[in-house]
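Please look over the model shown here.

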Amino acid sequence: MNAEAAKPATPGPVTTGSATSGHVTPTGARRKTRSRLDLRRLGRAALLGPASRDRLPDAIGHVVDAHRAHHPDADLDPLRRAYLLAESSHRGQMRKSGEPYITHPLAVTLILAELGAETTTLTASLLHDTVEDTEVTLDQVREQFGEEVCYLVDGVTKLEKVDYGAAAEPETFRKMLVATGNDVRVMSIKLADRLHNMRTLGVMRPEKQERIAKVTRDVLIPLAERLGVQALKTELEDLVFAILHPEENKHTRELILRNASRADDPLAEVADEVRKVLREADLAAEVLIRPRHFVSVHRVSRKRGRLRGADFGRLLVLVNEDADCYGVLGELHTCMTPVVSEFKDFIAVPKFNLYQSLHTAVAREDGQVVEVLIRTHLMHKVAEAGVVALGNPYAAPGEEQPTGDGERVDPTRPGWLSRLLEWQRGATDPDTFWSTLREDLAQDREITVFRPDGGTIGLPAGATCVDAAYAQYGEDAHACIGARVNGRLATLRTVLKDGDTVQPLMGQDPASEPSREWLEHARTPTARIAIQRWLTAHPAHPADPADPPAGERAGAEEARADPRPAVGEPAAAPASGAVSAAASGSFGGAQVLADRPGATVRLAGCCTPVPPDEVTGFAVRGGAVAVHRVECSAVARMKSAGRAEVGVRWGEGAECRVTLVAESFVRPHLLADLTEAMAVEGAEIVSATVEPPTHQQVRHTYTVQLPDAAHLPVLMRAMRKVAGVYDVSRAKPQSQGT
């Protein structure tokens, strides 16, 4: 039995009040909601009348009417038989609200019918609590309604037993969610079930309302988002918002009511203007106003501060064909003032949850910005209902079952759900699966990157080249040694941006293997699980305790490459002469002047400043002045330690000595090509250190003398152009204590 219902022997009093009472839509705003599925209003109209059995056929009548609106030729006999079985088996059971329990499966079924679910899903929805809460068995369901309905009812029954909270037992959750992954309709029924329970949650104790709301927020709303069921997701968000944030909910409600009482309506005015533009362009389109739901208004108010009329909704333009979407976009951008930064094309590149639409915005003369969504009627249906609207996965291929490459596209397997099944197969243990799933559900934004062949990869925001490699190649990505991002070589830790083109580079060495460090850069469960499984199967050799960390190694190499003393040690020789009342030092031709007569001046080895770097100086032991780049991490330490700051500046002389670090992939003749490129640019190599290769990558440290400091950027560009080199930078060892 679900946690929101009970079955006392006698009816209890009907309890009024609800956690969602703050969600009454103003009359003025309700007139604008034709494009939204007002599931709550329909559900209450159907189910909250007198509870006598004589009225129950009216409720199933609402379900039938809603179902016929989407499936006019559907066979209704399974629905009739399922209703009769559910009503008789639940007879005498009552909800905590005092209503007959049968009102719950009817309400859940009505929600799914409004979303366009097919007959099998609705049949299973009517029966979804019978096996758990009555004497009906799965064998009886199978005998009367077939294997498919039995599978769905069994799946929902198992989901009812899952604890989604922080104490959830990972193995149980994995089994339940994997069962859902095999047929997404199980989760569709579960989401509709939770929506109806949230609508009637006001009869629960406040602490139980809060617990259920948090579970809904943390697990079920993200699942609804990934399955594309926006109509359920938005209402669940509002219901959770009202329970967990009552003060913010009250304030948001007041904002919406205040806006509804306005005499003017900028959204209506722009809608009329859009209709006129499209009519003159002979484009058949329906222009609707979509009021924002409570949570959306709250988010916009936090982002923009004071809200104006156009902030309370968006325009929705519905057309018949994909090409008409771009026609509408062209007319709007031609005849109105577009806000180019707001344009997004989710038709050419759909979101991971099947969502397709064009997003743009136009500006009014008074400065208000109106957001516009442009999509076909079919796109709108999928945007609202997600996978629920995609049909029966067991049906034979037909006009409503799209095909590709000779095979029917499985509507129950949107990209995220397919990945979920891969994660559970690859996870080394249930805890790994659970933790990676929770991390993925916490992601609220996804980016799209492109493969060189034009294909796309959906990744969470913050994903790196490691994630792209495993998303494209699976476990073959163990041999990846780097990537090209937008045509340029990049390391695997490079963070990707929306729209980047990514080409993972695979090593030829059969001994190539993933590094434990990759886990620090991996953001997707696919990558993390694959890397973790490999590391578990190949225990790493313990590091030599004598080996310093990489950052310290870099600092030591730099110190070896630069013969100058380290900061804080006496200089080997005093600077030559004084200029006016200042001390000066000359390093390979680059003269430094310090505002301290007679002091020894020397450049710090930690940041190797060169002209025209902005520099500062500090008095150190022995009366010397150490010169640092102002962005050097040592500067902050010096100041916090109370070291006296000394003014320094560059004098005459353009020569300089600088330490550069080049990072590259391993390839034959790389060192020769790199040093030749440096020589061509006039750089004299004073010293060089090349680390042993690790994971097909190698790090070079060069101290070079340049005849002209202004030539340093040219030298670094020339080094980056050498094949296999993906980065060249000034040496920046890790900060160390003073």
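**Helix pair and sheet**

Val274, Val277 and Leu278 in α15 meet Val328, Glu331, Leu332 and Cys335 in α17, where meeting is contact, that is, heavy atoms within 4.5 Å. The residues of this contact of α15 with α17 comprise six nonpolar, no polar and one charged; Ala, Val, Leu, Ile, Met, Phe, Trp, Tyr, Cys and Pro count as nonpolar, Asp, Glu, Lys and Arg as charged, and the others, Gly among them, as polar. This is a predicted model: local features need pLDDT of at least 70, side-chain atom pairs count only at pLDDT 80 or more, and totals for chains, interfaces and linings use all residues. Residues are numbered from 1 along each chain as its sequence is written, and side-chain values use heavy atoms, with hydrogens and water left out.

**Geometry of α15 and α17**

- Helix α15 (residues 266-280) packs against helix α17 (residues 322-335) at an angle of about 115 degrees, and their axes are 10 Å apart.
- Axes are lines fitted to C-alpha atoms, for helices over the stretch in contact, and angles run from 0 to 180 degrees between N-to-C directions.
- Helices (H or I, at least four residues) and strands (E, at least two) are DSSP runs, numbered from the N terminus.
- α15 and α17 are therefore roughly perpendicular to each other, a class that spans 65 to 115 degrees.

**The sheet**

- Four strands form an open sheet in the order β23-β24-β22-β25, with antiparallel pairing; two strands pair if DSSP finds at least two bridges between them.
- β23 (684-690) and β25 (725-730) are the edge strands, each pairing on one side only.
- From one strand to the next, the twist averages 20 degrees.
- Ten bridges join strand β22 (residues 656-665) and strand β24 (residues 697-706) in the antiparallel sense.
- Val661 stands opposite Thr701 in β24.

**Helices on the sheet**

- Helix α26 (residues 670-680) lies across β22, β23, β24 and β25, and runs at about 25 degrees to β24.
- Helix α27 (residues 712-720) also packs on the sheet, where it touches β22, β24 and β25; its direction makes about 155 degrees with that of β25.

**Cys325**

- Cys325 lies in helix α17.
- Cys325 is buried, with a relative accessible area of 0%; buried means under 20% relative accessible area (1.4 Å probe, protein chains only).
- Leaving aside neighbours within four places in sequence, Cys325 is in contact with Val319, Ile347, Leu358, Ile374, Arg375 and Thr376.
- Cys325 and Leu373 are 48 residues apart in sequence and, C-alpha to C-alpha, 9.6 Å apart in space.

Terms used
Angles under 35 degrees count as roughly parallel, over 145 as roughly antiparallel, 65 to 115 as roughly perpendicular and the rest as oblique. Buried means under 20% relative accessible area, exposed over 50%, partly exposed in between (1.4 Å probe, protein chains only).
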